[in-house]
Amino acid sequence: MKLPALLHPVINTIFPTRPTCPLCHNPHSAWTIGSVPRLCAQCTRDVTQLTVSLCHVCGRSGQGALCSDCQRVAHVFFQARAYAAYEGSVELAIKALKYQGDRRLVPILGDFLVEAFVRFYGDDMAVVPVPMHPIKLKRRGFNQSEELARHLSRRTGLRVVMALKRVSEGSSQTGYSRDERLASLSDAFDFNDELFSVGQRSHEGYHARRIGGRGTDRGRKRPRGEGILGEQVLLIDDVLTTGGTADACAQILFEHGAVSVNVLTVAR
Ligand SMILES: [Zn+2]
Ligand SMILES: [Zn+2]
């Protein structure tokens, strides 16, 4: 909520430091109530939202209904969508969050994710963040995908399910062929069995259903956080590049009973 300009000198006296834009560090031109971080007008203008002429599958912009990559190779996930192009302010913000640990960017990028969720999906879905390897998590102190997923959850009421774990770093580096990267990535993730350490292991019900039997989970209301059996899953990451990470995650989610896996990222 903007405060009238008349009040600015008064507030300047009470709070001598004006809130600044977390990206360019310029002071905001208008005072707002509350201390929610936000980008300045100039940094906001530098965001290219991805809204039209997107590839039906991977969300790439400007190549028609099915981009050249998706015509060549099928993805495991159903559809990937992103809020904006990975450039300008969004690229800077994601890098500042990941590499400088600037957590003020979580609500800003998280709100972008919420907007993209409403724009492209909007259904009831189980939110699963792309996991980080425990060693990397210890080094960084947080997993940006989980932070973004939790922000989305707070804003929408969707539940977060930590259904995946990262068991090796894999190699997303350039210099490897696409096939080498995909093979490495498919070994990098696993299902997070700790989810089922208490109570019934839900995917037993899934296998019973798959072979035509009556799954033990059918019709049973599962407590929050119990898993992804029969769920529409929304996989959350900060950036989608080749889609290899999302495919590797989607593969495991389908194997453990997800009925659909769609992807939402801040950028692509
Ligand atoms: Zn700025
Ligand atoms: Zn595509």
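I started with Phe78, which is partly exposed at a relative accessible area of 45%. My scale: buried is under 20% relative accessible area, exposed is over 50%, and partly exposed lies in between, with a 1.4 Å probe and protein chains only.

The model is predicted, so local features need pLDDT of at least 70 and side-chain atom pairs pLDDT 80 or more, while totals for chains, interfaces and linings use all residues. Residues count from 1 along each chain as its sequence is written, chains are lettered from A and ligands numbered from 1 in written order, and side-chain values use heavy atoms, without hydrogens and water.

Next I looked up ring pairs (Phe, Tyr and the six-membered ring of Trp, centres within 6.5 Å; planes under 30 degrees apart are stacked, over 60 edge-to-face, the rest tilted). I found 2 aromatic pairs. Phe78 and Phe254 have ring centres 5.6 Å apart and planes at 35°, so I noted the pair as tilted. Phe78 lies in the loop between α3 (68–72) and β1, and Phe254 in helix α10 (residues 244–255), 176 residues apart. Tyr83 and Phe112 are stacked, because their centres are 4.4 Å apart and their planes at 10°. Tyr83 is in strand β1 and Phe112 in helix α5 (residues 105–120). Both Tyr83 and Phe112 are buried.

I then checked strand β1 (residues 79–84): 6 of its 6 residues are buried. Helices (H or I, at least four residues) and strands (E, at least two) are DSSP runs, numbered from the N terminus. β1 runs parallel to strand β6 (residues 260–267), joined by 5 bridges; strands pair if DSSP finds at least two bridges. Gln79 has Asn262 as its bridge partner in β6.
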